[in-house]
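Subject: Structure handover

Hello,

Here is the structure I said I would pass on. My notes on it follow below.

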Amino acid sequence: MTLLSLTLSQIRFRRRLACAGLLALLALPAAAQFRVEISGVGATQLPIAVVRFRDEDKSNQSPSAIIRADLERSGAFRIVDAGGGALDETARPPMPEWRAKAADALVAGSVARLADGRFDIRFKLWDVVKGSEIGGQSQAVDAADLRLASHRIADYIYEKLTGEKGVFSTRIAYVTRAGNRYTLRVADADGENGQVALNSGQPIISPAWSPNGKELAYVSFERQKAVVFVHNVATGERRAIADFRGSNSAPAWAPDGERLAVTLSRDGGSQLFSIGKGGDSPRRLASSPAIDTEAQYSVDGRYLYFTSDRGGAPQIYRMAANGGNAERVTFSGGFSISPSVSPDGRTLAYVTRNANAFKLVVLDLATPGAQPVTITETGDDEHPSFAPNGRLLIYATKVQGRSVLMTTTLDGKIKARLPSQTADLREPVWGPYGR
Amino acid sequence: MNTLHRHLLTAIAVASLAACSSVKLDDKPPVESRNGSAVVAGTGTGSGANAGSSSQTRVAPVDATGLSNVSMSNLPRIVYFDFDSYVVKPDYQNVIEVNAKALSGDRKRHMAVEGHTDDRGSSEYNLALGQRRAEAVVKSLTLLGAEQAQLEAVSFGKERPAVQGEDESAWAKNRRAELAGR
């Protein structure tokens, strides 16, 4: 099968495919079906060419395709057609040729099968403008970890060229629903490699990653009511940490990983509590005659952002993490829910109701009087979650009646739809660095 | 709905039928026999037991496919709500009254009130809204004589719609609180 690269001339591609809003499909050897749907034209993007890795078709993955898709999904790169030529990490690429293709950076590498069955994957990154090597690495990995190795290469490239940490080797968690069957799944940040953490005949909502990435808290209805569980992803060991009278929900880990904020109705209404990760010492954080829920800690642990209808209709508020007075944060629009705050604390993503549409918006918290900015064209957006580098959001939305997961840059310009089959995908949450 | 729910609803149906039967029979005037002594058509307990034994052999089928549920019990058990509201409207006062009476008439009887919402908005906000709806119905029931200990308010938010659909007629049927026996 031929490998279709994403070309610089995206307009030509769009016409060829006759697909509004979608770009190329990458066709790979059947063993590694990998489809990328990315749309949009970014603002400032670094043009980079990623040459097919030598002998990558002898493995079960295509590292160069995974790297290209990662870099493009980040919004920071524009993929330049590498052409059919052979190049690997030992080469001395002719820079004038690459400058002529308008590439500013070049990546080439190789995959070699080792005697013990593992794969040796190597690459080099060049600065085409300066005509010099930036760096490179080699990794020896099991076949099962080739995707992860490719994501780590994409992280390396991203960091060297943008100065920021990449999120390509992080994981996401989300919930699938097909009829009356629900699963909680963990996948790579590109949506591939999904594995089932929990199978249930009852709804699962609100997954939340522990700061060390080893556990997921979530709400399960398996006991015929909302109960908060904490679940070790690698071992499957789980415990109910909040099963009080009424509903127990909306878990959010404090950055120290020892306590969680939860919403409990045990004292009436839906109120914010802090509880130990073992389910011990519940402590009420706020008292309102209203619904207080969807708490999210700021990354520095100082604040809780949460949804409250104490003013009549739901809006986002901020309160000191220990409790106390809450100040309202959202003012535009009459109905705002589902806050997610960026790691640097400067941006709030949330969902606002506009007529009958629920729209993902971003708000600059650092600029007083800033207005929220709409960044999607869809009308049924839910559950935004920031990537740990603060540069991407994952969220759920409806496309042709089905719930799917999308990532977007904060300006809304580059969006990617994560792969899915027939099930509804919902409740996405982006995991931390360092799996 | 799972097996436990089906059994509980069946039990409620049986209990309701037994209760209704005994009420009716208690109201019947005694029948005079030929020799002049009154023969009561049947004591409340006896007929209740008869009605009870025939109800004990009957099985009430319960539709758990998630479509509009018609309750098998004689008690109306659904209260509907406006969008983003948990106010129990006067239209449903009869539902409250009938169930409050059933609860105050039998202190051993327990009910769960399950709050639900339409599917607009987040799962968590809707879970809390459903909880408020359930609690509003519980409060209304206690104001009319039911005891707090007989009731539990829980919520399923938007996770268990009664009706699928993306228009107001579907949404309206999902914004509800359901009373179920526990």
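pLDDT is the predictor's confidence in each residue, on a scale from 0 to 100. That score is needed here, as this is a predicted model.

Chain B first. Its average pLDDT is 75, and 59% of the residues score at least 70. For the complex, the predictor reports an ipTM of 0.87 and a pTM of 0.81.

Now the sheet in chain A. Strands of a sheet pair through backbone hydrogen bonds, either parallel or antiparallel. The sheet in chain A is open, with 5 strands in the order E3-E2-E4-E5-E6, and its pairing is mixed. At its edges are strand E3 (77-80) and strand E6 (132-141) of chain A, each of which pairs on one side only. On average, and with direction ignored, neighbouring strands of this sheet are turned by 25 degrees against each other.

Strand E5 (residues 119-127) of chain A runs antiparallel to E6(A), and 9 bridges join the two. One bridge partner to look up is that of A:Leu125, namely A:Gly135 in E6(A).

Helix H2 (residues 63-73) of chain A lies across strand E2 (46-50), E3, strand E4 (105-113) and E5 of chain A. Helix H2 of chain A runs at about 145 degrees to E3(A).

Regards

Notes
Residues numbered from 1 in each chain as written. Chains lettered and ligands numbered in written order. Predicted model: local features only at pLDDT ≥ 70, side-chain atom pairs only at ≥ 80, totals over all residues. Pairing = 2+ DSSP bridges. Helix = DSSP H or I, 4+ residues; strand = E, 2+ residues; numbered from the N terminus. Axes fitted to C-alpha atoms, helices over the stretch in contact; angles between N-to-C directions. Contact = placed C-beta atoms within 7 Å.
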